[in-house]
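Here are some notes for a colleague who is opening this entry for the first time.

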Amino acid sequence: MDFLNWLWLIPLAPLFGAIINGSLGTRLSRTWIGVIGAGTVALSFVLSIGAFVQMLHMPESALPIVHNYFVWIQAGSFHANFGFLLDHLSGLMILIVTGVGFLIHIYSTGYMHDDPGFYRFFAYLNLFMFSMLTLVLANNYLLMFVGWEGVGLCSYLLIGFWFGKKSATDAGKKAFIVNRVGDFGFILATMWIFSTFQSVDFGQVFEAARKLPVEPLGMIGAVTSICLLMFVGATGKSAQIPLYVWLPDAMEGPTPVSALIHAATMVTAGVYMIARSAALFDRAPGALLVVACVGAATAIFAASVGLVQTDIKKVLAYSTVSQLGYMFLACGAGAYAVGVFHLMTHAFFKALLFLGAGSVIHGMGGIQDLRKMGGLRHKMPWTFRTFFVGTLAIAGIPGLAGFFSKDMILASVWSSPNYGRVLWAVGLITAGFTSFYMFRLLILTFFGNARYTHDEVHHVHESPASMLIPLGVLALGSILGGYLNVPGFLGFATAEGGEGASTEHMLMAASIVAALSGLAVAWLLYVSRPELPARLAAGAEAMYSILTHKYYIDEIYDAVIVWPLLQASREFLWKFVDVIVIDGAVNSVGFVIGSSARGLRHMQSGFVRTYAAWILAGGVFLIAWFLR
Amino acid sequence: MIPLNWYLILAAALFLIGVLGFFVKRNIITLLLSVEIMLNAVNLTFVAFSSQHGIISGQIFVFFVLVVAAAEAAVGLALVIAMFRNRETLNVDRSNLLKW
């Protein structure tokens, strides 16, 4: 069987699932909905593996494999195909998306089992898989944008999945509106690409871009502008400063959604886009520096907020923002492959952590507050074990996936030409923060004594097998994922090799020290001296208050952007333009016609001969007119 | 040969009779008859001019008017019957419901 001929079915299979579940879902039993939902994704997964293996057996010269199915848009000189592109990068991405996606579908059959919107959930989830796979398989920027918008839509639908809750619908709207800003950057970048290269096709654009000279640092030419605009799109979708604000709120959605969309796949679309556009970014070191700086700033900023959050999902959300910052830091250092490597390991351990958190929330009957947990180690042994693995992996403990990718990021940042040492230091501090807040989360949830009362939680129970098996598989991925030589496999020409082995060992030691010190501080604060956190918070009250209020960013955005917009809309657009100008014009037309008709209606007397007299008068008038 | 003016004067007189009848009478059947008189006055004018100028189209037009008049009489009389059944009167001044 030639899997490459079935490339088109990889995104389309989940679309069929979405259509069936979405249209017939109310009549199907939950078993069938689950089978269709997970089964179509499983089919995509199998096809992806097949295509991937087949691709590996092909000679390097035959790559990338491009299948153009039909001409999608043809207008003047503008031309866009509907076609898919398979190379090492997109092959890896479809494996991650379908693999993690399949596990999360399985998990969802258990997690969402008692929800009345079961079929709706799977329809949305399958639609998301379709959009995401279109995004990564597209062979031109315009089709990529279709997937890009599709995942944004599904993200909105799934964040507001429990639409009866106002906070959930608000969060959905926030995600959608913030993403609009970023998408605008993407659209402008696509237009600029077309006007510069006369094509939106990846192959042609990158071919032409490789012939362009490198725009030196500080010069903002066409390529730099394109890359910066693309990065604006990436900051929206991948939750970077200044557009990260939607991601923490997106935790209002069901936990499997947080795991699939807001941790493992959709939010990494920005990283994928930059890695895909490596040929453009290589010509624009200025844009790369911006990417690296924004990534580093986001990483340390979000990690510091994560230090003090008390909602289990909020900690993980800020952690995701921070880890995405890491990926951009790697891309900004020119090490795209390392960024994608971290994307992969992060997909494993962050999906694992979110699903583990979901399992905890499920077992606790909906409680998400860390202060009310504790001691769950014995009640939920398998959740604990897998969560423990995930924590070790993200904290960068040697031997697990996160260690390898994080270490490679720090090493490539160290040797990057512009401000490499500064960015490295920021990354290292972030690694320490990451380790601290993850162990804090672990200790508060699973160790110590139970802090919930019997009234709040009736019986804490371990989750069903449908939820635990995905956790186990992801835990395996979190351990073994780091041993894959992804950067070598992706084969980007990275600017590495300047550092000797001793420097590399020094860097590795530094990141291990950072991880272990985070662990040590967490242990000190929450196990051996549990009274210390409160005293620390009291001692550094200003700092603590800033952190718990997330640097007041939401408040600042409200005051600077949302409030003026609302007031301008309300006071000017509504009360003046709409009420006075538009309504006024319409109403006065109605008034003129109405009042004139009120006078003229007296002509309608009901007497036939009066009408005849009018006709006669009209006839006489006409004749007189013509005879004049 | 009778000059054209005589025909036109006769037609005008007939038309005036129709108009006056329409305005003076209240019986709806009389009103219909008045309308027919007016139509025939117009027909007479058509035929007179047609004969005078030797152009056939005036006479053809008369046929159309006759057909329309026949149809109008059929529909009009049916309406009169319906109206009489409803109101039990033929006085048009009593049928004045359709007004503001």
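1. A term is needed before anything else: two residues are in contact if their C-beta atoms, placed from the backbone, lie within 7 Å. The model is a predicted one.

2. Once neighbours within four places in sequence are set aside, Leu329(A) is in contact with Ala292(A), Gly295(A), Ala296(A), Ala299(A), Ile409(A), Val413(A), Leu423(A) and Gly427(A). Leu329(A) lies in helix α14 of chain A, which covers residues 312–332. Is Leu329(A) buried or exposed? It counts as buried because 32 C-beta neighbours fall inside 10 Å, and the cut-off for a buried residue is 20 or more. From Leu329(A) to Gly339(A) is 10 residues in sequence and 7.8 Å in space, C-alpha to C-alpha.

3. Gly339(A) leads on to a helix pair. In α15(A), Gly339(A) is one of the residues, with Tyr336(A), Val340(A) and Leu343(A), that meet Val271(A), Ile274(A) and Ala275(A) of α11(A). By class, this contact has 6 nonpolar residues, 1 polar and no charged. The axes of α11 (residues 269–276) and α15 (residues 336–363) of chain A come within 9 Å and cross at roughly 155°. That angle makes α11(A) roughly antiparallel to α15(A), since angles over 145 degrees are counted that way. The crossing of α11(A) and α15(A) is left-handed.

4. A second pair is formed by α17 (residues 381–395) and α20 (residues 465–480) of chain A, whose axes come within 9 Å and cross at roughly 25°. How do α17(A) and α20(A) run, parallel or antiparallel? They are roughly parallel to each other, because the crossing angle falls under 35 degrees. α17(A) passes α20(A) in a left-handed crossing. On the α17(A) side, Trp382(A), Thr383(A), Thr386(A), Val389(A), Gly390(A) and Ala393(A) take part, and they meet Leu468(A), Leu471(A), Gly472(A), Ala475(A), Ser478(A) and Ile479(A) of α20(A). The residues of this contact divide into 7 nonpolar, 5 polar and no charged.

5. Helix α1 of chain A, residues 9–24, has 16 residues. Its first and last C-alpha atoms are 21 Å apart, close to the 22 Å expected at 1.5 Å a residue. The buried residues of α1(A) are Ile10(A), Pro11(A), Ala13(A), Pro14(A), Gly17(A), Ala18(A), Ile20(A) and Asn21(A). What do they pack against? Their partners are α2 (30–56), α3 (88–111) and α4 (118–137) of chain A.

6. Helix α8 of chain A (residues 222–237) also has a length that agrees with expectation: its 16 residues should span 22 Å at 1.5 Å a residue, and its end C-alpha atoms are 23 Å apart. α8(A) is mostly covered, with 13 of its 16 residues buried. After α8(A) comes Ala239(A), whose phi is positive, near 55°.

7. For chain A as a whole, the count is 26 helices and 2 strands. Its C-alpha atoms fill a box of roughly 115 × 70 × 55 Å along the principal axes. Of its 628 residues, 50% count as buried. Among contacts in chain A between residues at least 6 apart in sequence, 82% join residues at least 24 apart.

8. Chain A also touches chain B: 10 residues of chain A are in contact with 10 residues of chain B. On the chain A side, these residues divide into 4 nonpolar, 4 polar and 2 charged.

How values were computed:
Residues numbered from 1 in each chain as written. Chains lettered and ligands numbered in written order. Predicted model: local features only at pLDDT ≥ 70, side-chain atom pairs only at ≥ 80, totals over all residues. Helix = DSSP H or I, 4+ residues; strand = E, 2+ residues; numbered from the N terminus. Expected span 1.5 Å × (residues − 1). Buried ≥ 20, exposed ≤ 12 C-beta atoms within 10 Å, placed from the backbone. Nonpolar A, V, L, I, M, F, W, Y, C, P; charged D, E, K, R; others polar. Axes fitted to C-alpha atoms, helices over the stretch in contact; angles between N-to-C directions. Parallel < 35°, antiparallel > 145°, perpendicular 65-115°, else oblique. Left-handed = near helix turned anticlockwise from the far one by under 90°.
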